[in-house]
Amino acid sequence: MSPALQRRLPLFATAAVLAALYVTAGLRYDNFFSARVAVDFFTDNAALGIAAVGMTLVIFSGGIDLSVGAVVGFTSIFVATLVEKHHVHPALAAVAALAVGTVLGAGMGALIHFFRQPAFLITLAGMFLMRGGAFWISTDSTGLAHPLLQRLSLWELPLTEKAALKMSALVLLALLALGGLLAHWTRFGRNLLALGGNESSAQLMGLPVGATRVAVYAFSGLCAALAGLALMLNSGSGNPRDGIGLELDAIAVVVIGGTLLSGGRGHMLGTLLGLLIFGVIQSAIRFDGSLDPAWTRLIIGALLLGFILLQRLLLRRLVRR
Amino acid sequence: MTAPLLTLSGLGKKFPGVVALDGVDFNVRAGEIHALLGENGAGKSTLIKVLTGVYEADVGSIRLAGQPISPASPKEAERLGLSTVYQEVNLVATLSVAENLCLGRQPGRFGLLNWPALRRHARAALARLGLELDVDAELGSLSVALQQMVAIARALDLQAKVLILDEPTASLDEKEVADLFAIMRRLRGEGLGIVFVTHFLDQVYAICDRITVLRNGTLVGEYATADLPRLALVGKMLGREIIAPEHSPLRATTAAGPVTAPILSARSLSRTGALHPLDLDLHAGEVLGLAGLLGSGRTETARLLFGLDRRDTGELQVKGQSARIRSPRDAIALGLALCSEDRKTEGILPNLSVRENLIIALQARQGAGRPLRRSEQEQLCGHYIRALRIKTPGPETPIRNLSGGNQQKVLLARWLATRPALIILDEPTRGIDIGAKAEIEQLIAQLRADGLAVLFISSELDEIVRNSTRAVVLREHRRVAEFSGDAITAPRLMQAMAGGHQSHE
């Protein structure tokens with residue numbers, strides 16, 4: 001196997017799993033191979049996917065961000081409350097929410113870097129703060145009545161007769177493209193991988209380790225806030241309970257996508273594939289009707305284990321040489 | 001003679017309690033390979049860290065091509081033209097060769113990377129060293145030697161004037177060393193000044209033009225390699241006058257061979273990059289001194305015997321029985337004990353008391369299910385405090401409050417409490433005062449008299465001579481000589497350590 005091919009092995013494994021799942025489901029259920037179903041993979045998982053883009057970059061750097069689910073919940077109730085109760089313009093409220101997410105992320109990144117704290121702990125604290133903040137704003141959900149929000153919530157970009165992309169799915173696709181560009185075509189993205197692969201080497205090579213780390217958590221915070229907006233639009237209401245456990249799903253998507261959880265190796269394309277695997281399983285269970293939704297989690301759990309073991313094997317081969 | 005490219009004069013650096021560098025001068029000329037040599041604590045690594053901007057010198061000046069410089073960071077040092085390649089490759093194993101060569105200075109425009117240009121650039125950087133590699137291969141999939149060469153290629157990419165190679169050959173095999181030397185010669189031909197740090201004297205004589213020797217933070221001298229015989233070099237590194245080699249035959253007269261079967265015997269024990277196949281027997285009631293320069297494989301031997309590192313080849317027998325030693329637990333169960341050379345990080349548990357430090361090996365051997373009774377612990381502790389004359393306010397004092405010598409005695413007691421048949425002492429007298437040294441030496445004699453087998457590793461020739469009943473000399477990971485009884489003399493040990501044409505091996 002050529003070295004370049006070998007480096008992409010986890011990615012191929014993910015693609016193979018996705019193809020197998022998709023074809024199996026398509027042969028079993030009528031109409032599964034339709035554009036509408038495929039579009040739903042994106043729409044239904046818009047918030048998860050957007051958060052996973054940020055999570056991918058954080059994991060590239062050898063870090064983790066547990067706060068994203070809480071930021072989603074905070075953003076959702078924060079914007080809905082500002083718009084519906086305090087009559088702030090939706091654009092202003094959205095910008096404020098994105099700023100909160102970004103500043104929180106940058107702050108966590110700075111604490112992690114300058115105080116040499118584990119990312120797990122700092123972002124766990126961030127998670128509690130943001131979830132607490134969400135419930136402090138309101139314990140109940142708030143419906144969206146503002147005309148602009150309603151229009152955005154219902155707006156669709158028609159693709160075929162039956163299939164159309166919602167706003168949230170468009171945001172997801174745009175972010176995936178942006179994330180891929182950042183990860184693979186900029187110094188920032190390569191510095192992230194260097195930092196995750198070997199921090200002291202990155203330092204000795206003169207890479208801007210501190211700035212990179214602060215920036216990646218800020219970006220993840222921004223993605224999480226965007227995910228919150230997407231979820232709010234999809235559901236037509238703001239809810240402080242939005243996004244509970246979303247950070248863990250996002251981590252699963254990234255790892256199933258072949259990105260090394262300890263950092264240093266991965267691909268944004270893998271995250272897209274991981275997200276599609278999520279979508280295929282969910283849709284298949286919905287199509288079946290008799291299967292318990294719990295199967296989504298069970299299959300994801302099994303896949304996660306499988307991919308972690310695959311990475312372990314690949315790593316061991318590397319180390320032995 | 002050309003003016004030096006790099007001049008360090010009167011360099012001094014103090015750390016709390018230690019003078020690491022004291023008025024050291026060091027000159028590197030363009031187009032030469034210059035060996036920087038010295039034993040432990042000589043100041044080599046401090047000197048390199050000052051050069052690469054990790055430390056700032058307290059006094060002294062550095063001039064590069066006539067201009068005074070004072071690099072404040074590794075990055076600045078590189079920008080000035082001082083590039084360093086370390087023994088552990090400081091690259092990112094999970095990224096490709098091309099990326100490692102270009103990280104931080106990738107070609108591109110509008111903020112986006114130009115991958116084809118990046119690969120071209122990487123191939124060009126490798127071609128300068130005469131290397132042809134798949135630049136898309138993951139760095140971690142290459143051998144350490146190739147990774148090292150990639151690191152050199154990266155270092156040279158920065159318009160380097162001086163290349164510092166800090167023990168690059170420590171884990172390379174002969175073929176790989178030859179390849180590295182070819183590259184070094186090529187670069188010397190291009191007019192680069194190369195500083196080469198190594199423990200292997202053969203390599204010094206194979207490739208270096210000049211040698212600078214440091215000892216205890218001071219400059220011993222700078223010499224042309226051709227003018228400095230090996231034995232004289234070893235003498236300078238160890239700080240000894242050269243005594244004319246004795247006229248007695250070099251091959252030691254073997255004293256009457258021990259009649260007992262060996263307690264431990266190793267056959268063709270080896271590990272890549274650490275030790276060439278080695279045979280060793282240890283008998284009850286003997287102190288086997290293991291001598292050699294830093295990096296000659298002494299500590300590596302101890303670690304392999306004790307199961308700390310996995311051996312590639314070799315058979316071990318304990319008391320005539322084939323022994324399966326794959327971890328220190330196995331070794332301890334078979335009656336082996338190892339007092340490591342690094343007392344602070346591999347020995348003491350600083351916050352625990354003298355008593356707790358002392359009983360821990362015995363307790364570990366018994367298993368957690370059978371705790372030693374407190375009264376037993378106290379009795380044991382009292383016994384060893386008296387027997388080894390450990391100076392401590394009491395058994396409950398945290399061990400970190402004791403002097404180095406007394407800490408060492410507690411560690412010895414820790415292992416003696418397990419009643420070993422064989423004890424390995426790796427530099428037991430390092431960093432302790434003279435009085436305590438004498439006591440440790442007395443204790444070694446006592447252990448021998450009690451019928452233990454002792455493997456005694458020391459950098460100080462006099463200690464080996466005084467304490468050993470038999471001595472084995474290692475050089476460059478190989479056993480090169482053995483002496484016993486009165487044949488163990490400092491000049492002979494030194495000559496064996498120096499090797500080269502004077503060696504009879």
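Predicted model: local features only at pLDDT ≥ 70, side-chain atom pairs only at ≥ 80, totals over all residues.
Two packed helices are described by the angle between their axes and the distance between the axes. On the H4(A) side, the contact is made by Ala46(A), Ala47(A), Ile50(A), Ala51(A), Val53(A), Gly54(A), Met55(A), Leu57(A) and Val58(A). The H12(A) side contributes residues including Val216(A), Phe219(A), Cys223(A), Ala227(A), Leu231(A) and Asn234(A). By class, the contact of H4(A) with H12(A) holds 17 nonpolar residues, 3 polar residues and no charged ones.

The second pair joins helix H6 (residues 90-114) of chain A and helix H7 (residues 119-137) of chain A, whose axes come within 9 Å and cross at roughly 150°. Because of that angle, H6(A) is roughly antiparallel to H7(A). The crossing of these two helices, H6(A) and H7(A), is right-handed. From H6(A), the residues that make the contact are Leu104(A), Met108(A), Leu111(A) and Ile112(A). From H7(A), they are Ala119(A), Ile122(A), Thr123(A), Gly126(A) and Met130(A). Here the contact of H6(A) with H7(A) has 7 nonpolar and 2 polar residues, and again no charged residues.

Chain B can be followed through its domains. Chain B is divided into domain 1, which covers 1-81 + 159-228, and domain 2, which covers 264-502. The C-alpha centres of these two domains of chain B lie 34 Å apart. Where the domains touch, 9 residues come from domain 1 of chain B and 10 residues from domain 2 of chain B. On the side of domain 1 of chain B that touches domain 2 of chain B, the residues divide into 4 nonpolar, 3 polar and 2 charged.

Sheets come next. Strands of a sheet pair through backbone hydrogen bonds, either parallel or antiparallel. One open sheet of chain B has 4 strands in the order S2-S1-S4-S5, with antiparallel pairing. Its edge strands are strand S2 (18-28) and strand S5 (67-69) of chain B, each of which pairs on one side only. Neighbouring strands of this sheet are turned by 30° against each other on average, direction ignored. Within the sheet, strand S1 (residues 6-15) of chain B is joined by 5 bridges to strand S4 (residues 59-64) of chain B, and the two run antiparallel. Along this pairing, Leu8(B) stands opposite Ile62(B) in S4(B). Helix H1 (residues 44-51) of chain B packs on the sheet, where it touches S1 and S2 of chain B. The direction of H1(B) makes about 65° with that of S2(B).

Another open sheet of 4 strands in chain B has the order S14-S13-S16-S17, also with antiparallel pairing. At its edges are strand S14 (275-282) and strand S17 (321-323) of chain B, each pairing on one side only. On average, neighbouring strands of this sheet are turned by 25° against each other, direction ignored. Strand S13 (residues 264-271) of chain B pairs with S14(B) in the antiparallel sense over 5 bridges, and Leu269(B) stands opposite Leu278(B) in S14(B). S13(B) and S14(B) form a hairpin with 3 residues between them, and Gly273(B) in the turn has a positive phi of about 75°. S13(B) also pairs with S16(B), antiparallel and over 5 bridges. In that pairing, Ser265(B) stands opposite Gln317(B) in S16(B). Gln317(B) also stands opposite Ser322(B) in S17(B). Strand S16 (residues 313-318) of chain B and S17(B) are joined by 3 bridges and run antiparallel.

Finally, the two chains meet in a contact that takes 23 residues from chain B and 22 residues from chain A. On the side of chain B that touches chain A, helix H2 (74-80) and strand S8 (112-113) of chain B each supply at least two residues. The largest share of that side, 3 residues, comes from H2(B). By class, the side of chain B that touches chain A has 9 nonpolar, 8 polar and 6 charged residues.

Notes:
Residues numbered from 1 in each chain as written. Chains lettered and ligands numbered in written order. Contact = placed C-beta atoms within 7 Å. Nonpolar A, V, L, I, M, F, W, Y, C, P; charged D, E, K, R; others polar. Pairing = 2+ DSSP bridges. Axes fitted to C-alpha atoms, helices over the stretch in contact; angles between N-to-C directions. Domains from an automatic or database assignment. Parallel < 35°, antiparallel > 145°, perpendicular 65-115°, else oblique. Left-handed = near helix turned anticlockwise from the far one by under 90°.
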